[in-house]
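Subject: Structure handover

Hello,

Here is the structure you asked for, with notes on what was found in it. Please have it open while you read.

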Amino acid sequence: MERDGSTRDASQRAEKVGSDREGMELALAEARAALALDEVPVGAVVVLDGTVIARGHNRTRSDCDPTAHAEVLALRRAAAVVGAQRLVGATVYTTVEPCFMCAGALSHARVARVVWAVRDPKFGGAVSLGSVLSDPRMNHRCQTAEGECADEVRALMRGFFEDKRRKARENMNTPDLS
Ligand SMILES: [Zn+2]
């Protein structure tokens with residue numbers, strides 16, 4: 001684990017991505033890194049010319065930053081790697097449908113394609129509650145795809161929130177002796 005919270009090891013350096021499955025599996029690895037921090041497990045990677053150039057996972061609690069979503073962190077790192085504010089031609093894999101903020105950032109970055117595993121009916125800004133990536137009035141539109149690794153992502157998210165609910169119940173049932 002790097003100081004900025006990104007994961008990196010020998011197998012992750014300049015990793016090639018040949019399919020949506022491979023890209024999403026790397027995003028899933030980032031989501032698991034978020035889970036290890038007790039963060040909502042969402043991960044994202046940015047792929048340019050078939051190579052992973054940046055990764056990110058949700059760090060909103062760790063960083064006390066409501067904008068520290070996986071996609072935003074990955075986009076910031078990718079832009080730093082490229083040395084430009086735009087990531088023309090890039091594909092972003094994210095485990096969960098981007099929220100409005102992240103969809104906006106992906107659009108600002110001029111990302112070519114966005115792939116997510118599962119929809120987010122409560123925050124999703126790409127298809128669930130809005131169409132930030134595809135609205136014809138937008139200056140830039142991204143190609144989109146969804147469903148890759150959906151079962152794995154759903155299980156990860158469900159496990160996280162069930163664990164949270166179980167712990168909340170346990171706390172309620174613990175007599176307050178103070
Ligand atoms: Zn977001």
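Gly89 and Ala112 are 23 residues apart in the sequence, yet their C-alpha atoms are 4.9 Å apart in space. Gly89 itself is found in the loop between α3 and β3. With 12 other C-beta atoms within 10 Å, Gly89 is exposed. Please keep in mind that this is a predicted model.

The chain as a whole

The secondary structure of the chain comes to five helices and five strands. Read from the N terminus, the order of elements is α-β-β-α-α-β-α-β-β-α. The radius of gyration is 17 Å, close to the 16 Å given by the globule rule for 178 residues, so the chain is as compact as a globular protein of that length. Taken along the principal axes, the C-alpha atoms fill a box of roughly 60 × 40 × 30 Å. Of the 178 residues in the chain, 39% are buried. Among contacts between residues at least 6 apart in sequence, 57% join residues at least 24 apart.

Helix packing

Two packed helices are described by the angle between their axes and the distance between the axes. Two pairs are worth a look.

For helix α1 (residues 20-36) and helix α5 (residues 150-173), the axes come within 11 Å and cross at roughly 5 degrees. Angles under 35 degrees count as roughly parallel, and α1 and α5 are therefore roughly parallel to each other. On the α1 side the contact involves Leu28, Ala31 and Leu35, which meet Glu152, Val153, Leu156 and Phe160 in α5. Sorted by class, this contact of α1 with α5 has six nonpolar residues, no polar ones and one charged residue.

The other pair is helix α3 (residues 70-82) and helix α4 (residues 100-108), whose axes come within 9 Å and cross at roughly 25 degrees. By that angle, α3 and α4 are therefore roughly parallel to each other. Their crossing is left-handed. Glu71, Val72 and Leu75 of α3 make the contact with Cys102, Ala105 and Leu106 of α4. By class, this contact of α3 with α4 has five nonpolar residues, no polar ones and one charged residue.

Around α4

Which residues of α4 are buried? They are Cys102, Ala103, Ala105, Leu106 and Ser107. What covers the buried residues of α4 includes α3, β3 (91-96) and β4 (113-118). Just after α4, Arg110 takes a positive phi of about 60 degrees.

His140 belongs to this part of the description through its contacts. Leaving aside neighbours within four places in sequence, His140 is in contact with Ser107 and Arg110. The C-alpha atoms of His140 and His108 are separated by 7.9 Å, although these residues are 32 apart along the chain. His140 sits in the loop between β4 and β5 (143-146). It is partly exposed, with 14 other C-beta atoms within 10 Å.

Most residues other than glycine have a negative phi.

Cys64 has a positive phi of about 50 degrees although it is not a glycine. Its place is in the loop between α2 (60-63) and α3. Is Cys64 buried or exposed? With 8 C-beta neighbours inside 10 Å, Cys64 counts as exposed.

Cys149 has a phi near 60 degrees, again a positive value in a residue other than glycine. Cys149 is in the loop between β5 and α5. A residue is buried if 20 or more other C-beta atoms lie within 10 Å of its own, and Cys149, with 22 such neighbours, counts as buried.

Back to Gly89

Ala168 lies in helix α5 and is exposed, with 10 other C-beta atoms within 10 Å. The C-alpha atoms of Ala168 and Gly89 are separated by 44 Å, and the two residues are 79 apart along the chain. By contrast, the C-alpha atoms of Gly89 and Ala112 are 4.9 Å apart.

Regards

Conventions. Residues are numbered from 1 along each chain as its sequence is written. This is a predicted model: local features need pLDDT of at least 70, side-chain atom pairs count only at pLDDT 80 or more; totals for chains, interfaces and linings use all residues. Axes are lines fitted to C-alpha atoms, for helices over the stretch in contact, and angles run from 0 to 180 degrees between N-to-C directions. Helices (H or I, at least four residues) and strands (E, at least two) are DSSP runs, numbered from the N terminus. Angles under 35 degrees count as roughly parallel, over 145 as roughly antiparallel, 65 to 115 as roughly perpendicular and the rest as oblique. Two residues are in contact if their C-beta atoms, placed from the backbone, lie within 7 Å. Ala, Val, Leu, Ile, Met, Phe, Trp, Tyr, Cys and Pro count as nonpolar, Asp, Glu, Lys and Arg as charged, and the others, Gly among them, as polar. A crossing is left-handed if the near helix is turned anticlockwise from the far one by less than a right angle, and right-handed if clockwise. The radius of gyration is taken over C-alpha atoms; the globule rule is 2.2 Å times the number of residues to the power 0.38.
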